[in-house]
Amino acid sequence: MRTLATTLLAVSTSALTVVEHKPFMRKNIDPIVFPGQYVSHMHSFYGSDALTKDLPTTAQLQQGCPSGENPNDLSVYWAPTLYYVNGNNYTEIYPATFKTYYENIDRAEIPFPKDLYMVAGNASAKSQADVQENLNMLTWWCDGNGPEDRNIRPRAALPLSTCTAHLQAILRFPDCVNPNKVTEYAYAAANGNKCPAGMKRMPSLRFSIRYDTRRAIPKGWKGVPPIKLACGDLGVGYCFHGDFINGWYEDSAKTMLQAKGQSFLRIDGAHGNGKTYSKCKAKDQDPSNGTSDYHKSLEMMKQGGHA
Ligand SMILES: *[C@@H]1O[C@H](CO)[C@@H](O)[C@H](O)[C@H]1NC(C)=O
Ligand SMILES: *[C@@H]1O[C@H](CO)[C@@H](O)[C@H](O)[C@H]1NC(C)=O
Ligand SMILES: *[C@@H]1O[C@H](CO)[C@@H](O)[C@H](O)[C@H]1NC(C)=O
């Protein structure tokens, strides 16, 4: 007979895998929302560098160099750039770690389909009510020893005093997709924990980002944090969002489903073992267009009619 403790353990360690990625580019593009243009707010990119302003296919991403530790994952992932704001000076706050988790694999019926791309979160959210935390889990907090203040502020705002360790954000992506039309996707959680008719369950992708605020803001803060996302207002994290374009090689995307029943599975594949950074260096493939400068990106958004 199972004890309560082992049952809880089984629940909290449901089959998963994780890949760490390094940032390789900061740029005012969004190939999903504004394909072909340089009019987006600033994003920070992780994963395959076969990415320009145009929406790539899975096969095109696989021509690139990955900035992550798994040579079988040529996906690209991005999020709005996080800045330390000091007067007019906007400095990117880099993550200590950017990790993509693939969870609830026990429940997955299919691997990520070819050419799947998805957005999670609400880039225009201005308040906690716009966030849908019940579906995407978007939360900001100080990891490690805190301080813990999530109960005295909205959970998608930002901590009101300096983090002892890192400023962490998590964001969950949709986990149901129509395999015959991959632009149709949804959260099982929005549908009684089942996929809507015509959709299949896939692994549940979740970003876990630990921003190194101690390094970026040595003096720390008390009250409204001097921190801003490229998409939103000073001191709040509501507009945080994530983008994913599937670049997993087919063999490894299938191997991922074997994580069923195990707590953690490293995803090896035809392109190497799942813990091998590549020798190539991921970089911007279109360096003469667009910008990595915050103030220039605002001008380009205005010119493009998106400010
Ligand atoms: C902007 O801030 C960064 C980080 O605090 C600092 O290294 C840099 O010198 C500042 N630039 C200007 C022009 O003040
Ligand atoms: C996203 O945020 C906007 C506020 O700008 C809000 O009107 C909209 O309802 C939000 N979307 C969702 C799905 O909550
Ligand atoms: C990007 O830059 C290159 C080199 O300067 C230029 O030839 C090309 O036309 C530019 N593309 C766009 C879309 O502006």
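Q: How far is an oxygen atom of ligand 2 from a polar backbone atom of aspartate 130?
A: This is a predicted model: local features need pLDDT of at least 70, side-chain atom pairs pLDDT 80 or more, while totals for chains, interfaces and linings use all residues. Side-chain values use heavy atoms, without hydrogens and water; residues count from 1 along each chain as its sequence is written, and chains are lettered from A and ligands numbered from 1 in the order written. From ligand 2's oxygen to aspartate 130's polar backbone atom, the distance is 3.4 Å.

Q: What share of ligand 2's accessible area does the protein cover?
A: On its own, ligand 2 has 370 Å² of accessible area (Shrake-Rupley method, 1.4 Å probe). The protein covers 49%.

Q: Which residue has a side-chain N or O atom 2.5 Å from an oxygen atom of ligand 3?
A: Tyr38, Lys53, Asp286, Ser288 and Asn289 surround ligand 3 (a heavy atom within 4 Å). The side-chain atom at 2.5 Å belongs to asparagine 289.

Q: Is serine 208 buried or exposed?
A: Serine 208 sits in strand E14, residues 204-211 (a DSSP run of at least two residues). Its relative accessibility is 2%. Under 20% means buried and over 50% exposed, so serine 208 is buried.

Q: Which side chain forms a polar contact of 3.0 Å with that of serine 208?
A: Beyond four places in sequence, serine 208 is in contact (heavy atoms within 4.5 Å) with residues including Thr97, Phe98 and Gln168. A polar contact here pairs N or O atoms within 3.5 Å, one able to donate a hydrogen and the other to accept it. At 3.0 Å, the partner is glutamine 168.

Note on methods:
Helix = DSSP H or I, 4+ residues; strand = E, 2+ residues; numbered from the N terminus. Buried < 20%, exposed > 50% of the residue type's maximum accessible area, 1.4 Å probe, protein only.
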